[in-house]
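Please read these notes beside the model. They run from the whole chain to single elements.

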Amino acid sequence: MDGLSLASRLGTRRDGTGVVTPLRTRLLQLGLDALYYSRLSTLLDARTGGIGAIFMLHHVRDGWAPPDFAPNRSLEVASDFLDRVITEVAARGYEFVDLDEAQRRVIAGGSSRRFACFTLDDGYADNYLHALPVFRRHGVPFTIYLNSGLPDGTTVLWWRVLEHVIAAHDEIHVDIDGQEQRFYTRIPAAKYRAFKKIYQHWRPLEPATQRRECRALGDRYGVDPAALCRDVALTWDQLRDLRASGLATIGAHTVSHTALTALTPDEIAGELTADADAIERELGERPRHFAYPYGDAASAAAREFSIVGKLGFGTATTTRKGVLFPEHAQHLHALPRVSLNGDFQKT
């Protein structure tokens, strides 16, 4: 099946020129624009699809459609979208496996069937409320890479704090490089410009500075980062239910969701060990797999891959795009994934 026929099956039409174009309203309603732009058809083509694929999600919403201002929409899909992706991947002959089995197959160089894993980063309550029912309906195993600061209520979700502040105000003032800057944010386009500017300032900051500036903005505009964390996070009881489902594996994702390149080797070891300790203490099993926060080349590279491997994790995944090949047996702590998150895979 080529890319156009895949898009057709998932909801497209031909315009007056005979060119296949997306049904934008339907795509936005179901989150299928993520699939349209993800080039899933090309990635999973029998000739180029490797031996398997690890899919990446964050939020799974029920009946979700993005509002006019949704700067983090790339992290969100609708549950209908996830359902359709599972159906489509199954139709292509993929076998759904957990990460333990994926690790074995990569080391073995593949098997008679290509395989697919589903992973969800961070640890959001909607994974339990909306993703679990979809996975259960299809009998598909999945992994949640848990940032243990979420159920503990300590993670500063700075990108969400920024979104909430901008969404609620027509004008905001932010300190950038020691100078207060004013942003007029009455219309969506202006809100997006402000978000981009502040995001680009915050993203590379040293972690403590990043959190301090985020909290200062929240204090100024009445957004409590701790309350926001509690509102969206999985609870430990929900995580125990997930484990009891027989479908969920809980992996590690640090305590504070900090880019590892910003940390010293000792700090990296401390973050990962504390995260694994919390998961083992609460759920009774130590995580065997890890995902790098942010996961791009600026957040995880050769030094980090080596440290994570030495800490004993069987695999570690990035956010770098791609499917799995036998050669990844030599790079088990730098595995690529196929993003199913909003715009992330758009190129």
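1. Accessible areas here come from the Shrake-Rupley method with a 1.4 Å probe; for residues, only the protein chains shown count as cover. By that method the protein exposes about 14800 Å², and carbon and sulfur atoms hold 50% of this surface.

2. This is a predicted model: local features need pLDDT of at least 70, side-chain atom pairs count only at pLDDT 80 or more, and totals for chains, interfaces and linings use all residues. Residues are numbered from 1 along each chain as its sequence is written, and side-chain values use heavy atoms, with hydrogens and water left out.

3. The protein has 15 helices and 14 strands. These are DSSP runs numbered from the N terminus: helices are H or I, at least four residues, and strands are E, at least two. Buried residues (under 20% relative accessible area, with exposed over 50% and partly exposed in between; 1.4 Å probe, protein chains only) account for 55% of the 347 residues. Take contacts (heavy atoms within 4.5 Å) between residues at least 6 apart in sequence: 69% join residues at least 24 apart.

4. A nonpolar core is a set of buried Ala, Val, Leu, Ile, Met, Phe, Trp, Tyr and Cys residues joined through side-chain atoms within 4.5 Å. The largest has 36 residues, and Leu82, Phe118, Phe135 and Phe142 touch the most other members. Elements giving two or more residues include strand E7 (115-122), helix H7 (125-138) and strand E8 (142-146). The largest share, 5 residues, is from H5. A separate core of 30 residues includes Val156, Val165, Ala194 and Ala259.

5. What does Phe142 touch, leaving out residues up to four places away in sequence? Its partners are Phe118, Leu120, Leu132, Phe135, Leu242, Leu247, Ala248 and Thr249.

6. Check H7 for length. The expected span is 1.5 Å times one less than the number of residues. H7 has 14 residues and so should span 20 Å; its end C-alpha atoms are 20 Å apart, which agrees.

7. H7 also has a kink of about 45° at Ala131, shortly before Pro133. The bend is the angle between axes fitted to the seven residues ending at a residue and the seven starting there. Buried residues of H7 include Ala131, Leu132 and Phe135. Its buried residues pack against H5, E7 and E8, among others. Gly139 follows H7, with a positive phi near 65°.

8. Strands E9 (residues 171-176) and E10 (residues 179-184) pair antiparallel over 6 bridges; pairing requires at least two DSSP bridges. Val174 faces Gln181 across the pair. The hairpin has 2 residues between its strands, and Asp177 in the turn has a positive phi of about 55°.
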